[in-house]
Amino acid sequence: MSNAIEIRGVRKTFGPKVAVESLDLDVPEGSLYGFIGPNGAGKSTTIRMIMSIIFPDQGDLRVLGKASAVESKDRIGYLPEERGVYKKMKVGAFLNYMARLKGIDSATADKRVKEWLVRTGLQETYRKKCEELSKGMQQKVQFITSVIHEPDLLILDEVFTGLDPVNRRLMRELIQEQNDRGATIIFSTHAMREAEELCDNIFMIHKGEKVIDSSLEDVWRKYDPKTMVVEPMNASDIGRGWGGLPGVKEVVEIDGVLDLRLRDGADVAELMKQAAMLAPVRRLELKRASLEDIFIDIVGGSGGESAEKLRQTLQAGKGAATELEEVTRG
Amino acid sequence: MVKVFIIAWKEFTATVFTKAFILGLLLPPFFMTVAMVALPLLMNKKPPTVFGHIAVIDQSGKVAPRIVEAFSPEKVRERREQREKETKEQIDKAIKSSGLSEKTTGDIKKQMEANPAANMANMIADTNLTVQVLPPETPVDEARQAILKATGREKAEDGNASRLALIVIPKNSVVSEEEEKGQPVFGSYQLLTAPRLDIEVQSDIRRQASRAIVDTRLADAGQNIDRMRALMAPPVAEEKAVTATGDSKINEAAKLLVPGAFMFLLWISTFSAGQYLLMSTIEEKSSRVMEVILSAVSPLHLMLGKIIGKGAVGLLILSLFSGAGVAALIFFAMADLVAWQNLILLLIYFVLAYVMVACLMASIGAAVNDINEAQSLMTPVMLILVVPMMLWMPILRNPNSMFAQVCSFVPLINPFVMVLRISGSEPVPMWQIPVSILVGLLTVVFMCWASAKIFRIGVLMYGKPPNFATLIKWVRMA
């Protein structure tokens, strides 16, 4: 299977700041790839370089077998992080315009626009002005602009931001549908949970450097569970000697639920057995490491930064300036 | 390239098919038409006939009969006919001195005759005035009470002709009572009028009273009145400008108006189109639709499409207004004021001027987040906007001065200067036209290059608005 995207030793700086450093990445055709990392990690920069909106200082980049995305723009669907609609334009006209810009002839364009509006529950909005739509509806309209031309490669930057749970699910379905159709999909998010639910591969980036690039299965396999959750039936059992169980490093109690932090190489099966014998429990569960935990583990381990600070960085909402701005403005 | 035209078409329709644009474009010609049709109709309507009498207190005892005679029906009709004849002669003279061809002037005359509005005499109110001579010893204060009663009305309520004016002629205004350096000195006379008396009637009364007094003085001195008047008539000057091609009678006003109109056309179309471009770029920036568009087209193609689209808007404005202008000139049979080559040059200079302004506007629009931030970067655009207005008069006065020639090769303003010069009265040296176009082209190429760079970086830039130094940095960086 050939690769939809190949990145070799790419480096990009903005003034003194290195946005992306010696990056290598292969995205196989037909895969669903998640780009994860905190705000300012270099996700959008990488995506913009893939889209040939900005260009790397060093290294090679091939998109759909071409040296530049410009040569295959009509085969790529892109939903940028900074996105909007023409406020005064009618929804139908806007989508038709975008479809025409993506190389679809006008007759086909209108047919597809109407199909997509029905598919996303927006059929009533064809003649409405874009500004009359709610934010979530606008988001769906923007998504339609990126898939209307049935692209072979679909790049979605922070696609779930601002959607309610119902529309989140719809969006997941739509993305899955595109993937089933055969499209290669890359989506970036700083919310790692979204990535866990959707991707088969993840690509994790921190301060411009790749920290993980593998299938999600491999990630789970590689990063052993580190925490066992115990919820005793009786509150009085909380104080029992949980910390003395084999392999337990540390016990943390939160509202009657105990997190038993495990040592590396702890015998999980034996621990389960012993814990069940210690006291009657309502719940006993081996907690799989979340991507967030893994990220903090890797980054914290290598860079020596505090886990708490990293968690904050991850959870920091949108609105932080992107790396491109900070440097070129000053 | 197809995409560039899809963008251009969208940009064109997004501006042109809006109520604001259609109204803004159609309203001025609409009002002009209304003014051209309605005004003459209104002006052609005669003011109401003025009824009333003029009271005269003649303390000299010699002038009153002359005033009575001046307002006799025959004399009034005579004066009106004389007035109409003079107006016609003045119009003829104005047309002749415009320097237009025989055929054209003939056409104008025909149209003026067909148009009753041109008959200025129609503007004068008909009068039905009588003169009432009061005894010379009548107190002025008592006589003026009657004027007060007539206030605001030309016909008194009791049906009697109301007193519209009172002329008081002291003896010393007719008979000199003192001398200065051997010449007689005369006193003044009083003219008291009703406050709302028709202004034409009022000045007629003044003229007739003054004339009656002067005639009386001449008669007293034993002179022949008609002969004296003939001797005193001011002679007419026949003015001609001396040029190499022969004496020219070109009208000064036309000389100034045609280049002015040309530059105004260029100015209004360039800057309206530029303004539309700025607004649409800022809108794409601030609504964040920019990168969505860039997912489909390259920044350069987007900029190109936008510039072409709004340029078409400018061209539409230019052709509508200049079309209306040419139509008006043809209607008034003055089309030979404008040479067709100049219209083609106007088109060329429009393209040059517009692309320069458009590059500036596109760069500014791409660099800022909203219209307020754009204000601070608008200074250079404002300069290009204001300078042609300042150059207008000096260049028109002397289209081939060193100053005008130098300005013709200064980038950014040279299209405006050249348009002024080519439509002016003196022919521009032939080599200067292609050279100025070349300068314009070089400027356009440079501006496109620089603004493409600024545009490419600016469109994705949000946050603190850049200043000029940053823009220059972007040009060097990319």
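**View 1. Helices α11(B) and α17(B) cross at about 115 degrees, with their axes 9 Å apart.** Welcome to a predicted model, in which local features need pLDDT of at least 70, side-chain atom pairs count only at pLDDT 80 or more, and totals for chains, interfaces and linings use all residues. Residues are numbered from 1 along each chain as its sequence is written, while chains are lettered from A and ligands numbered from 1 in the order in which they are written. Here α11 spans residues 299-331 of chain B and α17 spans residues 432-458 of chain B; helices (H or I, at least four residues) and strands (E, at least two) are DSSP runs, numbered from the N terminus. Axes are lines fitted to C-alpha atoms, for helices over the stretch in contact, and angles run from 0 to 180 degrees between N-to-C directions. The crossing of this pair is right-handed, a term used if the near helix is turned clockwise from the far one by less than a right angle.

**View 2. A closer look at the residues joining α11(B) and α17(B).** From α11(B) come B:P299, B:L300 and B:M303, and from α17(B) come B:A452, B:F455 and B:R456; two residues are in contact if their C-beta atoms, placed from the backbone, lie within 7 Å. By class, five of these residues are nonpolar, none is polar and one is charged (Ala, Val, Leu, Ile, Met, Phe, Trp, Tyr, Cys and Pro count as nonpolar, Asp, Glu, Lys and Arg as charged, and the others, Gly among them, as polar).

**View 3. Six strands of chain A form an open sheet with mixed pairing.** Follow the order β5-β6-β7-β3-β8-β9, and you will find β5 (76-79) and β9 (209-215) at the edges, each pairing on one side only. Strands pair if DSSP finds at least two bridges between them. The twist averages 15 degrees from one strand to the next. Within the sheet, β3(A) (residues 32-36) and β7(A) (residues 184-189) run parallel over five bridges, and A:F35 has A:S188 of β7(A) as its bridge partner.

**View 4. Helix α1(A) lies across β3, β6, β7 and β8 of chain A.** The helix runs at about 150 degrees to β6(A) (153-157). Eight of the eight residues in α1(A) (residues 43-50) are buried, meaning that 20 or more other C-beta atoms lie within 10 Å of a residue's own, with C-beta atoms placed from the backbone. Among them are A:K43, A:R48 and A:I50. Just after the helix, look for A:S52, which takes a positive phi of about 60 degrees.

Note on methods. A residue is buried if 20 or more other C-beta atoms lie within 10 Å of its own, exposed if 12 or fewer, and partly exposed in between; C-beta atoms are placed from the backbone.
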